[in-house]
Amino acid sequence: MSKRKGRITAINGNMVKVETDSFIVQNEVAYIIHGNERLKAEVIRVRGKCAETQVYENTSGLKVGEEVEFSEELLSVELGPGLLGQIFDGLQNPLPQLAKECGFFLRRGVYLKALPDMMEWDFSPIAKKGDCVRAGDKLGVVPEKIFKHYIMVPFSIEEECEVTHIEERGRYDFTRPIARLKDSSGRHHDVYLKQNWPVKIPIRAYSQKLKPERTLVTKMRLIDSLFPVALGGTYCIPGPFGAGKTVLQQLTSRHADVDVVIIAACGERAGEVVETLKTFPTITDPRTGRTLMDRTVIICNTSSMPVAARESSVYTAVTIAEYYRQMRLNVLLLADSTSRWAQAMREMSGRLEEIPGEEAFPAYLESRIASFYERAGIVKFHDGSTGSVTIGGTVSPAGGNFEEPVTQATLKVVGAFHGLSRERSDARKYPAIDPLTSWSKYKSFVEEKEVRAAHMALRRSNDVAQMMKVIGEEGTSLEDYVDYLKGEFFDFVYLQQNAFDKVDEATSEERQKYMMHFIHDNILASQFDFKDKEDALKFFQALRQLFRGWNSAGWGSNEFESIESEVITKLKAYLKAGQEKVNA
């Protein structure tokens with residue numbers, strides 16, 4: 001059967017209008033035939049016999065009247081063993097293999113299989129002949145890196161099926177069926193080691209979606225203790241350029257308590273993307289001692305690539321994240337940056353001549369961003385096991401203006417807001433998250449009264465600092481000055497971490513609880529007996545130096561206990577009479 005054809009009637013940048021005498025399907029993939037090139041496009045709007053498509057390639061040289069072929073398929077990705085450790089573009093082309101074929105400059109219209117058909121895997125069956133199964137149930141398993149990669153009933157099968165055949169243990173490639181299923185109507189379905197799934201349709205092969213409650217431990221003290229992220233939750237990191245978003249994401253991906261990390265570089269500058277691509281293969285995973293790439297997938301579209309491809313990279317990344325969630329794994333998706341994706345939507349909306357919203361962004365900006373973050377969550381499967389996708393997106397508002405539409409649309413749907421500050425970044429404070437403007441709807445593993453006291457100390461310290469700018473230090477009372485020093489001390493020794501220190505760059509949950517309890521009971525909630533402001537300043541400066549060494553000491557080591565004894569001795573000398581030290 002010949003495929004449906006059409007002709008180009010208009011070209012406006014990456015938006016190409018196509019007319020056809022046959023029917024048109026929304027979000028269908030089409031190929032523009034230009035000489036020997038086949039350029040991939042997607043139908044984004046249908047008007048009668050006219051399809052408006054966004055082309056994922058450079059459209060220079062295209063002409064009105066050139067042929068367009070409709071594929072009768074939605075924009076999809078291949079899902080199966082072999083994804084981990086790979087670097088793809090937004091259309092799931094493996095970039096290293098593409099570079100081998102095309103050289104340093106990638107040719108348009110060249111598409112490679114993400115999972116080559118002849119790649120073989122050691123398959124072991126789990127299901128048996130006669131078993132009743134449904135979408136997402138385990139049929140077998142193959143080893144992939146450090147995980148068991150489950151071969152599942154295709155997500156597209158909508159009813160229960162009977163296993164009529166399943167292969168024995170052995171090596172199989174992607175072209176050979178490993179099982180055959182029969183549905184209630186007697187129709188047979190062959191199952192392969194890989195399957196395809198449309199990127200813009202969420203995978204819903206589970207029994208229940210649960211409320212995110214458990215804290216996702218990132219080992220960043222400021223995040224975990226004051227502005228936590230829940231496993232299966234959502235958060236955003238808006239901030240100006242150069243405020244440390246990329247460094248924060250890299251350390252989070254290395255130390256967060258998750259199984260798989262998906263990084264979507266959607267439209268970031270090539271220099272930042274290249275740094276990520278060079279860095280990750282050399283990073284040792286602290287959980288396994290192997291390369292971090294063994295549990296990472298990178299989806300990469302730089303700002304120099306076609307604008308439309310940014311949208312596909314976001315959806316490709318979240319679909320792969322959902323797939324590994326179906327393996328009963330906890331997945332972290334880091335999107336950097338959703339502002340570039342929104343700018344791509346704005347550009348395409350302008351070419352479609354749609355009525356613009358605020359700052360020329362499309363009116364549906366909020367719903368698109370919401371639908372992306374809604375694909376996060378922790379889910380329960382039919383066998384009682386769980387898996388999760390946690391989504392963290394960075395936003396790059398121009399000039400660090402958090403009132404712009406992309407940031408505001410994101411804030412309406414995420415569960416935590418980690419706002420980066422230019423002032424804190426310039427002051428070399430890491431992470432540069434502003435504790436006065438950030439927030440989280442999730443519960444921390446630190447005691448609530450301690451979190452509340454920490455927030456109050458930071459706000460009080462900031463209020464006194466603002467007052468001191470007007471009336472000077474000499475016009476401030478000793479009590480107010482001590483409040484100021486307490487907040488500054490807590491910021492320095494607890495909220496800031498040394499990203500170059502092997503111990504301080506990541507703090508375990510147990511250590512965070514211990515340190516937060518110690519600081520709360522012995523410093524934030526304590527009254528001190530100082531002679532004057534100079535005495536108070538010297539005390540807190542000396543205490544800061546002790547804590548700096550304490551943060552770099554291994555948890556539970558002799559050095560850790562020795563410095564703790566020094567800190568306790570220092571505190572006892574200044575605590576007001578009648579106050580006893582409370583052990584952490």
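Which side chain meets K145 in a salt bridge? The side chain of D294 does, at 3.8 Å from N to O. The close-ups below start with this pair.

This is a predicted model, in which local features need pLDDT of at least 70, side-chain atom pairs count only at pLDDT 80 or more, and totals for chains, interfaces and linings use all residues. Residues are numbered from 1 along each chain as its sequence is written, and side-chain values use heavy atoms, with hydrogens and water left out.

**View 1. K145 and D294 form a salt bridge.** A salt bridge here is a side-chain nitrogen of Lys or Arg within 4 Å of a carboxyl oxygen of Asp or Glu, and by this rule the count comes to 40. D294 is buried at 10% relative accessible area, while K145 is partly exposed at 43% (buried is under 20%, exposed over 50%, partly exposed in between; 1.4 Å probe, protein chains only).

**View 2. E69 pairs with R38.** Their closest N and O atoms are 3.3 Å apart. E69 is buried at 15%, and R38 is partly exposed at 33%.

View 3. D426 is partly exposed at 48%, as is R422 at 32%.

**View 4. K17, R45, E52 and E354 belong to one network.** Salt bridges that share partners join these residues.
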